[in-house]
Amino acid sequence: MTAGDRDSGPARVAGVVPARNEEPCLGSTLAALASLPLEEVVVVDDGSTDGTADVAAQAGARVVRWAGSHGKGQAMEAGWRATESGIVLFLDADLEETAARLWPLVEAVAGGQADVAVAAFSGGGGGFGLASGVARWGIRRLTGFVAGAPLSGQRAVRRAVLERVAPLASGFGVEVGLTVDALRAGFRVVEVAIPLRHRATGRDLAGFLHRGRQLAAILRVLAARLGRG
């Protein structure tokens with residue numbers, strides 16, 4: 001399926017963008033998505049205190065807005081349930097113009113090569129820190145799959161996968177949980193190298209706190225699935 005095959009292929013594709021306080025980046029990300037043949041774009045505003053929801057609405061996205069933060073996993077869950085499309089393209093709000101490069105993920109799923117296609121950042125940003133290392137270890141331990149980009153939020157997912165593994169894991173462990181659950185259910189997961197760029201987590205106190213919350217969420221997701229055998 002290519003960008004020009006929207007009317008000839010059976011798959012409808014929706015973009016889902018979980019976002020919290022992403023006003024500076026979201027507009028350019030949504031403008032880039034407009035170049036892709038998506039049926040619709042759903043932005044889930046996870047309790048933002050800035051103009052995230054306004055930016056999304058002005059760009060023509062459908063906005064699901066919460067007064068308080070529920071976490072990334074819950075935002076992704078709400079986003080895919082807000083659409084009836086057969087393929088859901090999840091992406092982070094801070095990709096900006098590189099969001100236009102995500103179509104190969106859809107092609108991999110629509111073309112039958114995978115049920116879940118995950119973007120590996122060929123331009124850097126794949127993540128080699130503690131959280132990524134723990135995620136890689138856990139995915140391999142539970143499924144045998146060697147993940148190069150275990151925490152990538154950029155992934156095209158067949159709706160049947162989401163319906164089978166729902167609800168998605170909560171918080172920042174959502175990507176790890178989705179990969180493990182999809183593989184355990186017998187679905188095919190592939191990684192596709194794409195030159196993407198997003199905002200790097202800083203090395204200040206806020207950045208370290210974010211990494212700590214991310215690691216804790218990943219450990220909770222892995223522990224729950226280890227307990228299931």
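Reply: What follows begins with the whole chain and then turns to the sheet and what surrounds it.

This is a predicted model, in which local features need pLDDT of at least 70 and side-chain atom pairs count only at pLDDT 80 or more, while totals for chains, interfaces and linings use all residues. Residues are numbered from 1 along each chain as its sequence is written, and side-chain values use heavy atoms, with hydrogens and water left out.

Let's start with the overall picture. The protein chain holds eight helices and seven strands (DSSP runs numbered from the N terminus: helices are H or I with at least four residues, strands are E with at least two). Of its 229 residues, 51% are buried (under 20% relative accessible area, using a 1.4 Å probe and protein chains only). Looking at contacts (heavy atoms within 4.5 Å) with a separation of 6 or more, 75% are between residues 24 or more positions apart.

Now for the sheet. It is open, and its seven strands follow the order β3-β2-β1-β4-β6-β5-β7, with mixed pairing (two strands pair if DSSP finds at least two bridges between them). At its edges stand β3 (62-66) and β7 (189-194); each has a single partner strand, so one side of each has no neighbour in the sheet. From one strand to the next, the twist averages 20° (angles run from 0 to 180 degrees between N-to-C directions, and axes are lines fitted to C-alpha atoms, for helices over the stretch in contact).

β1 and β2 run parallel to each other, joined over six bridges, and Val 17 has Val 43 in β2 as its bridge partner. Strand β2 (residues 40-46) is mostly covered, with six of its seven residues buried.

Let's zoom in on β4 (residues 87-90), where you will find Phe 90. Phe 90 has a relative accessible area of 0%, so it counts as buried. What touches it? Beyond its neighbours within four places in sequence, Phe 90 has contacts that include Val 16, Met 76, Trp 80, Gln 154, Val 157 and Leu 162. Val 41 is 49 residues away from Phe 90 in sequence, yet their C-alpha atoms are 9.9 Å apart in space.

Ser 85 sits in the loop between α3 (72-81) and β4. Its relative accessibility is 2%, so Ser 85 is buried too. Setting aside neighbours within four places in sequence, Ser 85 is in contact with Arg 12, Val 13, Ala 14, Glu 39 and Arg 159.

Helix α4 (residues 103-110) lies across β1 (13-19), β4, β5, β6 (155-158) and β7, and it runs at about 150° to β5. Helix α7 (residues 174-184) lies across β5, β6 and β7, running at about 40° to β6.

Methods: Buried means under 20% relative accessible area, exposed over 50%, partly exposed in between (1.4 Å probe, protein chains only).
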